[in-house]
Amino acid sequence: MTNLIAAYQRNEILEFQKNLKSSRSTIMDGPFIRNHIEDLLKNIRSQVLLKLITPYTRIWIPFISKDTWCLPTC
């Protein structure tokens with residue numbers, strides 16, 4: 001659980017999803033996490049997307065989809 005929190009705080013989406021997948025049964029036992037996991041995933045994905053596109057004035061959608069949305073889901 002500590003690794004999951006640390007990955008979330010660092011906006012490391014792949015590490016977050018890896019930790020979530022490897023400890024899914026333990027993590028999902030808690031009703032609070034189970035109720036909020038979708039919001040957490042949405043938030044971390046949004047943060048990664050913002051970090052990716054912030055330096056640009058124009059973006060190319062296929063680049064973003066390749067880099068962001070083709071990540072494995074939990």
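Two residues are in contact when they have heavy atoms within 4.5 Å of each other. The model is predicted, so local features need pLDDT of at least 70 and side-chain atom pairs count only at pLDDT 80 or more, while totals for chains, interfaces and linings use all residues. Residues are numbered from 1 along each chain as its sequence is written, and side-chain values use heavy atoms, with hydrogens and water left out.

**Exercise 1. The whole chain**

Find how many helices and strands the protein chain has, and what share of its residues is buried.

Solution. 
- Step 1: Helices (H or I, at least four residues) and strands (E, at least two) are DSSP runs, numbered from the N terminus. The protein chain has five helices and zero strands, giving the pattern α-α-α-α-α along the sequence.
- Step 2: Buried means under 20% relative accessible area, exposed over 50%, and partly exposed in between, with a 1.4 Å probe and protein chains only. Of the 74 residues in the protein chain, 24% are buried.
- Step 3: Turn to contacts between residues at least 6 apart in sequence. Of these, 53% join residues at least 24 apart.

**Exercise 2. H1 against H2**

Work out how helix H1 (residues 2-9) is oriented relative to H2, and which residues make the contact.

Solution. 
- Step 1: Axes are lines fitted to C-alpha atoms, for helices over the stretch in contact, and angles run from 0 to 180 degrees between N-to-C directions. The axes of H1 and H2 come within 8 Å and cross at roughly 160°.
- Step 2: Angles under 35 degrees count as roughly parallel, over 145 as roughly antiparallel, 65 to 115 as roughly perpendicular and the rest as oblique. H1 is therefore roughly antiparallel to H2.
- Step 3: H1 supplies Asn3, Leu4, Ala7 and Tyr8 to the contact, and H2 supplies Glu15, Phe16, Asn19 and Leu20.
- Step 4: Sort these by class: Ala, Val, Leu, Ile, Met, Phe, Trp, Tyr, Cys and Pro count as nonpolar, Asp, Glu, Lys and Arg as charged, and the others, Gly among them, as polar. The contact of H1 with H2 has five nonpolar, two polar and one charged residues.

**Exercise 3. H2 against H4**

Describe how helix H2 (residues 13-22) meets helix H4 (residues 31-53), then say whether Gln17 is buried or exposed.

Solution. 
- Step 1: The two axes come within 10 Å and cross at roughly 160°, so H2 and H4 are roughly antiparallel to each other.
- Step 2: From H2 the contact takes Ile13, Phe16, Gln17 and Leu20, and from H4 Ile37, Leu40, Leu41, Ile44, Arg45 and Val48.
- Step 3: By class, these are eight nonpolar, one polar and one charged.
- Step 4: Gln17, in helix H2, is buried, with a relative accessible area of 4%. The C-alpha atoms of Gln17 and Leu41 are 8.5 Å apart, although 24 residues separate them along the chain.
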